[in-house]
There are 2 protein chains.
Amino acid sequence: MQLSERNLIQYIREKAGSSSPGLVKGIGDDCSVFGKTESTSWLISTDMLVDGVHFQKERHPAKLLGRKSIAVNLSDIAAMGGIPRYALVSMSLTEGLSPEWLYEWLDGVLEILSEYDCSLVGGDTVKGKELNISVTVIGEQNPSGCLYRNGAGAGDIVYISAPLGYSAIGLEILKKFDLKSIDKKWEPFIQAHLDPLPQIHLGQIICESGHATAMQDISDGLATDLGHICKESGVGAVVYENLLPQDLLLDEACAGFGLQKNDCLLSGGEDYQLVFSVKSGCEKKLEEYVLQSGNFSIVPIGKVVEDLGVFLVEEGGKHQEITFHGYEHLI
Amino acid sequence: MQLSERNLIQYIREKAGSSSPGLVKGIGDDCSVFGKTESTSWLISTDMLVDGVHFQKERHPAKLLGRKSIAVNLSDIAAMGGIPRYALVSMSLTEGLSPEWLYEWLDGVLEILSEYDCSLVGGDTVKGKELNISVTVIGEQNPSGCLYRNGAGAGDIVYISAPLGYSAIGLEILKKFDLKSIDKKWEPFIQAHLDPLPQIHLGQIICESGHATAMQDISDGLATDLGHICKESGVGAVVYENLLPQDLLLDEACAGFGLQKNDCLLSGGEDYQLVFSVKSGCEKKLEEYVLQSGNFSIVPIGKVVEDLGVFLVEEGGKHQEITFHGYEHLI
């Protein structure tokens with residue numbers, strides 16, 4: 001029998017319960033939230049990355065892998081609008097792993113942590129047959145509060161931060177070519193895959209704007225991650241194909257490597273962009289607030305509806321259900 | 001080149017630094033401590049367990065392995081005198097792992113968490129070639145404060161909680177016999193190995209007594225873990241062989257299975273007992289405080305000295321250095 005990660009987490013969530021003294025949010029969001037005081041709460045999230053599953057050590061430069069190991073976790077803090085503070089890093093190290101590789105990897109870990117004013121405060125190193133990296137990050141709640149997955153309401157506008165699909169395309173290119181021989185023009189895709197940037201600053205700005213109702217990071221693809229917001233909020237969403245980001249470089253890459261554009265945009269994993277819902281009527285104010293805060297690209301792509309599920313409305317008008325049509329983890 | 005875990009952690013600790021806003025204690029103790037307020041601080045610790053290295057799935061009943069996965073982490077909270085609150089559990093699951101095994105394992109996880117009023121608040125499940133369990137626990141500081149590794153001073157008395165060596169003996173027995181065929185009289189050793197209990201309550205009591213100066217849990221063996229206290233405190237310690245706990249069942253097991261008693265007591269790992277130092281002159285008060293709080297067995301086994309290193313004084317009077325003569329993790 002194969003269990004999907006989603007079913008297993010649902011089972012664990014029911015068994016674990018969600019109420020506990022001092023616990024603001026348990027299983028079921030990007031981070032758990034605990035320790036509420038008058039001035040703050042703490043956010044915590046953890047991710048496990050396995051060689052051959054989540055990354056390919058042989059084609060991922062050590063330093064960039066160090067950066068990505070942290071980035072995917074910081075992205076969960078970004079998804080709540082939080083402020084990263086501390087990280088713990090555990091590793092199962094395989095025989096023959098060189099100290100030089102380890103030092104470079106650690107350089108990457110410490111470099112990205114320092115870029116986000118975050119400190120390495122603990123971890124564990126063990127021996128194993130498989131390189132396994134487990135990172136836990138702790139953040140502080142934004143003074144404006146947290147953005148959860150469960151706040152979306154029918155009528156809200158669905159936004160994403162762009163670009164989408166770059167990491168999935170980067171992965172396809174890396175499967176075909178040696179890193180050193182890849183045409184420079186594909187660099188944005190390669191970088192999106194090997195060295196993604198968590199949207200910490202943008203997440204905070206969206207949270208502080210006061211206009212967003214729910215948010216989550218896009219790690220498993222838009223269709224899946226928007227599906228999580230819908231599931232937690234008890235609503236559905238409609239995405240309009242003609243509103244998806246226009247991107248000539250992405251079009252060129254899709255044509256060149258035989259990829260379907262919609263697959264990349266809707267199901268491509270690991271972009272670590274944000275998907276969020278905004279109260280209807282507040283779009284202008286939200287966009288102005290974000291644009292005056294920095295050079296960010298946010299795009300309205302659809303709306304929240306009462307009927308459950310996530311649907312794509314194609315340019316010809318055809319509706320297609322795409323709920324959880326992203327990366328599905330099978331166990 | 002082989003790196004020892006101790007050297008690697010030292011390297012990481014130097015690179016990571018120890019100062020950060022709001023960070024009370026970084027790398028180098030049983031837990032990191034952060035988020036100090038007037039009333040509390042938060043403790044956090046993480047451990048990674050790998051099948052075939054830290055446990056043998058084939059001979060460890062799933063539910064007991066679930067309990068132990070959490071216990072080894074709670075033990076780090078115990079070592080600071082803290083109060084467990086939340087846990088995050090990540091797992092890399094191998095193909096063919098049955099859902100039934102997973103459910104039993106999870107039963108064990110939730111059972112022990114509930115025994116210590118601790119809630120499961122997050123985690124990650126991934127696919128891998130090796131069963132890997134990574135647990136992070138969060139605790140609250142004892143209202144009396146934290147006990148760190150670095151508070152021991154020359155003249156302090158070294159105590160342990162007993163029994164020691166049981167887990168190492170249990171492991172030896174389990175290597176020789178099928179679990180079901182083991183003589184009932186060895187049950188305490190088997191239980192110590194398969195289902196160790198973190199000394200949460202005792203750790204809190206020692207902390208609250210106000211007489212202890214440093215504490216750590218005994219996971220890698222007394223010689224190694226007392227070595228950590230000494231290193232962090234800039235002192236040494238002397239352990240007297242004739243003060244080590246007398247234990248007829250342990251003597252019988254050592255004789256029966258061809259084990260050296262001192263190896264079991266000084267180097268046997270995974271007992272999850274506590275080693276701590278007590279201000280000279282306060283031994284009676286400490287012992288009274290502990291005994292009136294519960295049925296605990298604590299034993300003075302030596303003293304803290306100025307000269308660095310951990311030494312065993314044998315019954316004949318011979319001194320032998322045993323610093324870090326416990327379980328040494330090689331990477």
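Helices (H or I, at least four residues) and strands (E, at least two) are DSSP runs, numbered from the N terminus. The model is predicted: local features need pLDDT of at least 70, side-chain atom pairs count only at pLDDT 80 or more, and totals for chains, interfaces and linings use all residues. Residues are numbered from 1 along each chain as its sequence is written, and side-chain values use heavy atoms, with hydrogens and water left out.

Start with A:Glu270, in the loop between helix H9 (261–267) and strand E10 (273–278) of chain A. This residue is not a glycine, yet its phi is positive, near 65°. A:Glu270 is buried, with a relative accessible area of 18% (buried means under 20%, exposed over 50%, partly exposed in between; 1.4 Å probe, protein chains only).

Next, select B:Tyr272, in the loop between helix H9 (261–267) and strand E10 (273–278) of chain B. Its phi is also positive, about 55°, and B:Tyr272 is buried at 7% relative accessible area.

Go to A:Pro163, in the loop between strand E7 (157–161) and helix H4 (166–176) of chain A. The bond joining A:Ala162 and A:Pro163 is a cis peptide, with omega about 5°. In chain B, the peptide bond from B:Ala162 to B:Pro163 is cis, with omega near 0°.

Finish with H1 (residues 5–16) of chain A and H3 (residues 99–115) of chain B. Residues in contact (heavy atoms within 4.5 Å) include A:Leu8 and A:Tyr11 in H1(A), and B:Leu102 and B:Leu106 in H3(B). The residues of this contact divide into eight nonpolar, no polar and two charged (Ala, Val, Leu, Ile, Met, Phe, Trp, Tyr, Cys and Pro count as nonpolar, Asp, Glu, Lys and Arg as charged, and the others, Gly among them, as polar).

Note on methods: Chains lettered and ligands numbered in written order. Axes fitted to C-alpha atoms, helices over the stretch in contact; angles between N-to-C directions.
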